[in-house]
Amino acid sequence: MFKSLFRKKIEIPNHEENWQVYFSRINNQKASVIVDLNVADIAPIKDLPFVFYLIVPYDSAAEDGLPTMESFKLINEVEDKIAELSDKYAKNLLHVATISMNAERLQMYYCHRISDTEAFLHQVDIAFGERLTYQTDYREDLKWDDFYDLAYPLPFQLEMIKNRSVVKMLIEAGDSLSQARLIHHYLNFVEEKDVTDFMEFAEKEGFAIQSKEKEQDGWKVSISRSDYISYEHIDDLCLPLWEKAKAHNGKYDGWESQVISN
């Protein structure tokens, strides 16, 4: 039988997208990273062994290399069109992140082979012509090192993303965040000694111990304290608990608060 001359469509594992944004430093430069966190559930994908970058410079950049507010409208319009073209023509490609740094916007994809990008880029050229200047870069990346080293957040950055998500949910539920309220924090430990050491720290910081329960795989602890919540200060409240739990071989398991409607 003759071997098919048509390119085979690669079956990319399904996942529920979860796009989040956070700030980082890459090569000692400030970077804004938009990443699909749930890609980590399916990565690395054996059939997508190449990392491919579509690099678009932006003219209006702040001193730190990130786009100015004036740039965002144009950037969003360009990326909306690129996303539309990607859905139609970027076969065998998976968009995993977009990184802004050094006056450039880097869209990170993984692909089956670099030739799979040709139809997509051809459509980008048709849509924008000389109005869009861009570069491309690629390399073999079997273990998806670029995704994990450049795009995926470090543990403390992931915790900050989770914190902002909870604050956002409170605001969307009608909470103005103008009032202090009781905030409950949850933690897991393996050894009781670590629980005792952590609880001593928590009580010195003004937290009340709500519960301490022994389970088959360790201990579950709940503490609470009345505090104000805001995007600007939530990490100052939660990260010290996350760090202290880690220092005592434990895991900080998030926080919650009731919604206070005005």
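User: How do strand 4 and strand 5 pair, parallel or antiparallel?
Analyst: In this predicted model, strand 4 and strand 5 (residues 104-111) pair in the antiparallel sense, over eight bridges. Within that pairing, Ser-100 stands opposite Arg-105 in strand 5.

User: What lies between strand 4 and strand 5?
Analyst: Two residues separate them, and the two strands form a hairpin. Asn-102, in the turn, has a positive phi of about 50°.

User: Which other strand pairs with strand 4?
Analyst: Strand 2 (residues 29-36) pairs with strand 4, also in the antiparallel sense, over four bridges. Here Val-35 stands opposite Ala-97 in strand 4.

User: How many residues of strand 4 are buried?
Analyst: Strand 4 (residues 93-101) is mostly covered, with eight of its nine residues buried.

User: Which residues touch the most other members in the largest nonpolar core?
Analyst: That core has 28 residues, and those touching the most other members are Val-35, Val-96, Ile-99, Met-108, Tyr-110, Trp-144 and Phe-147. At least two residues of this core come from each of strand 1 (19-26), strand 2, strand 3 (50-57), strand 4, strand 5, helix 3 (145-151) and helix 4 (155-172).

User: And which strand gives the most?
Analyst: Strand 4 does, with five residues. In general, nonpolar side chains in soluble globular proteins tend to be buried together.

User: What is Trp-144 in contact with?
Analyst: Leaving aside neighbours within four places in sequence, Trp-144 is in contact with Val-39, Ala-43, Pro-44, Ile-45, Leu-48, Leu-94, Val-96 and Tyr-110.

User: Which residues do the ring pairs link into a cluster?
Analyst: The cluster consists of Tyr-110, Trp-144, Phe-147, Tyr-148 and Tyr-152.

User: Where do the charged ends of Lys-30 and Lys-212 sit?
Analyst: The charged end of Lys-30 sits over the ring of Phe-23, 5.1 Å from its centre. That of Lys-212 sits over the ring of Trp-219, 5.1 Å from its centre.

User: On to helix 4: how many residues does it have, and what does it reach from end to end?
Analyst: Helix 4 has 18 residues and reaches 26 Å from its first C-alpha to its last, close to the 26 Å expected at 1.5 Å a residue.

User: Which of its residues are buried?
Analyst: In helix 4, the buried residues are Gln-157, Leu-158, Glu-159, Ile-161, Asn-163, Val-166, Val-167 and Leu-170.

User: What covers them?
Analyst: The cover includes strand 1, strand 7 (181-189), helix 6 (234-247) and strand 10 (251-257).

Terms used
Residues are numbered from 1 along each chain as its sequence is written. This is a predicted model: local features need pLDDT of at least 70, side-chain atom pairs count only at pLDDT 80 or more; totals for chains, interfaces and linings use all residues. Side-chain values use heavy atoms; hydrogens and water are left out. Rings of Phe, Tyr and Trp (its six-membered ring) pair if their centres lie within 6.5 Å; planes under 30 degrees apart count as stacked, over 60 as edge-to-face and the rest as tilted. A charge sits over a ring if NZ of Lys or CZ of Arg is within 6 Å of the ring centre and within 35 degrees of the ring normal. Buried means under 20% relative accessible area, exposed over 50%, partly exposed in between (1.4 Å probe, protein chains only). Two strands pair if DSSP finds at least two bridges between them. A nonpolar core is a set of buried Ala, Val, Leu, Ile, Met, Phe, Trp, Tyr and Cys residues joined through side-chain atoms within 4.5 Å. Contact means heavy atoms within 4.5 Å. The expected span of a helix is 1.5 Å times one less than its number of residues.
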